[in-house]
Amino acid sequence: MIATTYHRFTLLLLLLAVIAIFSSSQVRATNVGIESFSSPFTTDLATLQSQIGYKFTNINLLRRAMTHASFSQENNKALSIFGSHLIETSVSLHLLSKDIDTSSKALTRLIAEVSNVESSCALDGNRLGLERVIRVSPKTDASNSGIVCGGFRAIFGAVATDSGMVDEAVKVFWKVHGDRGGRFVSVL
């Protein structure tokens with residue numbers, strides 16, 4: 001009887017050891033699986049969210065914002081157009097809230113300055129490192145000012161779409177662009 005109890009106890013310990021080994025290998029396999037889903041692009045999107053101070057509920061919107069037409073038919077063109085209009089509206093509101101008597105000529109100049117691909121838009125995008133994040137075809141130069149600017153604008157279209165609020169996109173724009181409106185107004 002004691003020998004039977006001893007064998008049962010030994011079998012139980014052996015079974016527990018097998019379960020422990022199996023569970024341990026399951027955890028390692030699961031962790032490996034998780035790591036394999038983490039790509040440099042996914043890491044870049046996480047970094048970009050930290051830089052702009054906005055966490056996307058639907059990360060696919062940011063993924064699309066960082067995808068050029070040369071890379072995929074699901075690209076940032078529409079988000080870029082939307083973002084461009086958000087930037088223009090934001091700059092207009094910013095200037096007019098400071099001085100309602102601003103001339104239309106001064107307002108147009110300021111909008112053009114902030115929206116200019118070479119002097120402002122791409123510079124803001126480069127400060128975020130978008131030339132390293134935007135997905136393009138192998139034949140396309142991701143550091144091209146127009147591509148970086150398109151991605152920069154698309155971010156704000158994506159934020160507005162994700163949040164359902166234009167105000168959220170405007171806040172993110174001014175955080176990223178900085179309050180340089182005063183400097184532009186004084187130049188005009």
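**Nonpolar core.** I found 42 residues in the largest core, of which I52, M66, L130, F152, I155 and F156 touch the most other members. The elements giving two or more residues to this core are α2 (40-52), α3 (59-65), α4 (77-98), α5 (104-115), α6 (117-127), α7 (130-133), α8 (145-163) and α9 (166-177), and the largest share, 10 residues, comes from α8. I took helices as DSSP runs of H or I with at least four residues, and strands as E runs of at least two, numbered from the N terminus. For I155 I listed the partners beyond four places in sequence, which are L48, I52, F56, L62, A65, M66, L128 and L130, with contact meaning heavy atoms within 4.5 Å.

**Conventions.** I noted that residues are numbered from 1 along each chain as its sequence is written, and that side-chain values use heavy atoms, with hydrogens and water left out. I also noted that, the model being predicted, local features need pLDDT of at least 70 and side-chain atom pairs count only at pLDDT 80 or more, whereas totals for chains, interfaces and linings use all residues.

Is S120 buried or exposed? I found S120 in helix α6, and S120 is buried, with a relative accessible area of 3%; the classes are buried under 20% relative accessible area, exposed over 50% and partly exposed in between, with a 1.4 Å probe and protein chains only. Leaving aside neighbours within four places in sequence, S120 is in contact with E113, V114 and H177. I then checked the axes of α5 and α6, which come within 5 Å and cross at roughly 50 degrees, the axes being lines fitted to C-alpha atoms, for helices over the stretch in contact, with angles from 0 to 180 degrees between N-to-C directions. The two helices α5 and α6 are therefore oblique to each other, since angles under 35 degrees count as roughly parallel, over 145 as roughly antiparallel, 65 to 115 as roughly perpendicular and the rest as oblique. E113, V114 and S115 of α5 meet V117, S119, S120 and C121 of α6 in this contact.

**Salt bridges.** I counted 4 salt bridges in the structure, each a side-chain nitrogen of Lys or Arg within 4 Å of a carboxyl oxygen of Asp or Glu. One of them joins R64 and E74, with the closest N and O atoms 4.0 Å apart. R64 lies in helix α3 and E74 in the loop between α3 and α4, so this pair ties together parts 10 residues apart in sequence. I read R64 as partly exposed at 34% relative accessibility and E74 as exposed at 53%. Another salt bridge joins K171 and E168, at 3.6 Å between the closest N and O atoms; these residues are 3 apart in helix α9, about one helical turn.

**Confidence.** I recorded a mean pLDDT of 82 for the protein, with 75% of its residues reaching 70 or more, pLDDT being the predictor's confidence in each residue, from 0 to 100. Where is confidence lowest, and where highest? Helix α10 (residues 181-187) has the lowest mean, 38, and α3 the highest, 98. Over residues 181-188 the pLDDT is below 50, and this stretch has 12 contacts in the model beyond near neighbours in sequence. Residues 22-36 also stay under 50, with 0 contacts beyond four places in sequence.

Definitions and conventions:
Core = buried A, V, L, I, M, F, W, Y, C linked by side-chain atoms within 4.5 Å.
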